[in-house]
Each structure stands twice: as C-alpha cells, then as structure tokens.
Amino acid sequence: MSIDENHPSSSDPSRKHSSSALQLGPCKKAQVTSSNPLVLHGRHFGRTVFSLCNYPALLTAGILRLEELQDSCIEDYPADVRREHRVFMNLIDSYPGLLDRLTTGEEEDVIHIGDLLSKGASGARGDDTKTLKSAVLEWLVPRGQVVIPPLSRNIKSDCRFNHEVTGALLCPAGLDWSDTATKLSLKSGETVVHGDQWPMFLYSGYEYDPEDPWKGLLRGEILIFGFKHVFTSPSSVDREPKAPRSGNAYLHGMKSVTKGSLAYIATQVRFALSSSSVFLRTDTVTDSENFYHSILDLLEDPDESEEVVDLMTWWTRRIFPNSSSSQRDVSKNSALSKIREKRAALQARANVNTT
C-alpha cells in the first residue's frame, strides 16, 4: 500500500482523504505474539476508542494530514475526516513515543505498526464476540427463568427475528413486535432493518417513547451486563459494580466509560442477538458497521452534548462508582457543600467588582 496510491494529492484539503481509515480493511496477520505492547494497546484502543478501523490507513493518512495542517486548519476538512483525525490524535496521545516512531520510520514501519494495532483490535473483537455469544443467552430472561423455546449456545440460526425473545429485543424502535404482520415481515426479511434503525434492547426497560427518543436510550439492562462482561470480568455481571484486578478495565487503568466503549458494547450485544455467526463488515443483514458509526455519530454530536454528558456520567457511576466521586452530587449541608458555596460567593463578588 503506497501513500500516493491511497491518498492522492489535491489543492483542496476537504477532498484529500476519504473516511476509509475508519472502516474495516482486509485482515492481515502480523507475525508477532499477543504480548507485543502495540498489540495489547490495540486491544484496549479498539474496545474504548474506535474498533472498526483500518489502522495502517489511519496512521498513513494521519501523518500526511499533520504535514498539511501546517498550512491549513482541521475545520476545513469534512466531518468524516475530522473524526478520523481525532481518532488518530487520540491514538498518538495514548501511546508515548508512537508519533516519533511513525515520523522517523520508513513507510514499511508505519504499516507494520498499523498491523500490530489491527491484530490487537481484531483479536479483542473476536474474543468478545465469541464469549458474548453464549453469555448473552443468560441475560435474555430474568434469573431462574428459561428461554422458550431454548436457544443453542453454538448455533445462531434460531436467533434474531426467528425467536420470540431475541426478536423482541432486536425489533427496531418504533415498530410493534407484538403485531403479527410486523413480526412476519421482519422474520421473512421483507422489512429490511438498517444499522441506523436502533433496536429496543438499547432502551431502559426495553421501552421506547417516540415523543422523547432520548428517554432511556443506551441504558438497557442487557447493555450493562455486556459492558461488565467485557470490561470488569464475566463474574462481575451479577455482583456489585467494581473493577476486579483481573478485568480489562483494571489492567488498562480505565476509570470511566467512554463513548467508543459504549458504541462497541452496543454493537457486540446486537451482533450476539443476531443470527449471523461471523462478524463481517460486508454482512448487510446485521449492518454492524453502520450501526456502530450511527451510535458514535449521536454521542459525538455537539448538539446533543447535554444528554450525552448525562448519559456518560450515568454509565461511569454505574460501572466505576469508586472512581467517579468528583461527579457525584454533594450532600446538602455538608462541609464540602459549604466550602463550595463560599467559594462561589467570593467569585461572584469578585466578578461584580471587576465589571
């Protein structure tokens, strides 16, 4: 893959790069062990920042863009390229020394580093897909009850709209699964479900309010189970929220839920409920890549920032309660509340005196 071939030059910065770096590319196995630091970093970065990514293309385009930005502004680029650049800079900032390795190495070195990151991200995605396939069956009905008819842990053909329970969870918000005609249309494929038609399991209590579509969104119980399963350990699903020392969150110093991790878990749980056995970007039935991007589009939309901040705070308190004390409400009449009230009053008087 040559730089010139994949990124033709143009005088218009808004047209210089496509969004292909933030789409899955062909899987190329890097000949390294899974203990390589870049592979390990790729596992966590894929889970928490951006998963469905062509890392060699991301790095190559990112280096070129850094040179271009010496004479232009990132705001001159289209939205998809700005997102790609944010992911690139997040990756650079999260791995000390990576930028120096990229800028001083040859093109082959850049591609190799990208392959290592890809190996980690795809490996983590594959591991999570495998374990969630059977784990999600335990979360379909309340503990002590059984799924009727039973679902196989190894064969997924009976899932999705072929089963009453998984069908209800995957039914797009706004459609009525209890309606026989709707159910048959979904099962037969006559009604095509696209990735941006979000399923009911994303909502708290699996209830959707068309007048207030934010209500309960991305707070579904099965999402919480999925997040704990991947980040704080499978055994933590039924326990009080905390990050065991063996969990992925603890191992990587993760203390808050990220937008990328929430989109990742939603995508993984959705795929686990589907009838597809292999996670493929070309699978138009699950349309997982479109779904993943649509969730991130919402979470990164500046116009939705108030709702998103509230959502992310809710998630962090739920998963990492011991590390989110700074976000908790202060108890009334406590010493801390009095200190903050006094500080606010002093600042208010200072502002009046300066105007």
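Is serine 233 buried or exposed? Serine 233 is buried, with a relative accessible area of 10%; the cut-off for buried is under 20%. The points below set this residue beside other features of the model.

1. The structure is a predicted model. The average pLDDT of the chain is 87, and 87% of the residues score at least 70. Residues 1-18 have pLDDT under 50 throughout, and the model has 32 contacts beyond four places in sequence for them.

2. Serine 233. This residue is found in the loop between α9 and α10 (248-251). Serine 233 is not a glycine, yet its phi is positive, at about 110°.

3. Leucine 218. A positive phi, near 60°, also occurs at leucine 218, a residue other than glycine. Leucine 218 sits in the loop between α8 (180-188) and α9 (221-232). Its relative accessibility is 0%, so leucine 218 counts as buried.

4. Proline 149. A cis peptide bond runs from isoleucine 148 to proline 149, with omega near -10°. Proline 149 belongs to the loop between α6 and α7 (164-170).

5. The whole structure holds 10 salt bridges. One of them joins the side chains of arginine 43 and aspartate 127, at 3.0 Å from N to O. Arginine 43 is in helix α2 (residues 37-48) and aspartate 127 in helix α6 (residues 107-135), so this pair ties together parts that are 84 residues apart in sequence. Both ends are partly exposed: arginine 43 has a relative accessible area of 21%, and aspartate 127 has 39% relative accessibility.

6. A further α2 to α6 pair. The side chains of arginine 47 and aspartate 128 form a salt bridge of 2.9 Å, N to O. Arginine 47 in helix α2 and aspartate 128 in helix α6 are 81 residues apart, and the pair links distant parts of the chain. Arginine 47 and aspartate 128 are both buried.

7. Arginine 83 and aspartate 297. Which residue forms a salt bridge with arginine 83, the closest N and O atoms being 2.5 Å apart? The partner is aspartate 297. This pair links distant parts of the chain, 214 residues apart, with aspartate 297 in helix α12 (residues 288-299) and arginine 83 in helix α4. Aspartate 297 is partly exposed, with a relative accessible area of 43%, whereas arginine 83 is buried at 8%. Salt bridges that share partners join Arg83, Arg86, Asp297 and Glu300 into one network.

8. Surroundings of arginine 83. Helix α4, which holds this residue, spans residues 79-94. Leaving aside neighbours within four places in sequence, arginine 83 is in contact with Leu22, Phe50, His293, Leu296, Asp297 and Glu300.

9. Cavities. Three cavities of 30 Å³ or more are found in a search of the whole structure. The largest cavity contains about 90 Å³ of space. Its lining consists of Arg160, Phe161, Leu170, Val193, Gln197, Pro199, Arg270, Ser274, Val285 and Thr286. By class, the lining of the largest cavity has five nonpolar, three polar and two charged residues.

Terms used:
Residues are numbered from 1 along each chain as its sequence is written. This is a predicted model: local features need pLDDT of at least 70, side-chain atom pairs count only at pLDDT 80 or more; totals for chains, interfaces and linings use all residues. Side-chain values use heavy atoms; hydrogens and water are left out. On a 1 Å grid over the protein atoms alone, a cavity is a set of points where a 1.4 Å probe fits but cannot get out, and a pocket is an open set with protein on both sides within 12 Å along at least five of seven lines; lining residues have an atom within 4 Å of a point. Grid points are joined across faces, edges and corners, and a volume is the space filled by probe spheres set on the points. Ala, Val, Leu, Ile, Met, Phe, Trp, Tyr, Cys and Pro count as nonpolar, Asp, Glu, Lys and Arg as charged, and the others, Gly among them, as polar. Helices (H or I, at least four residues) and strands (E, at least two) are DSSP runs, numbered from the N terminus. Contact means heavy atoms within 4.5 Å. pLDDT is the predictor's confidence in each residue, from 0 to 100. A salt bridge is a side-chain nitrogen of Lys or Arg within 4 Å of a carboxyl oxygen of Asp or Glu. Buried means under 20% relative accessible area, exposed over 50%, partly exposed in between (1.4 Å probe, protein chains only).
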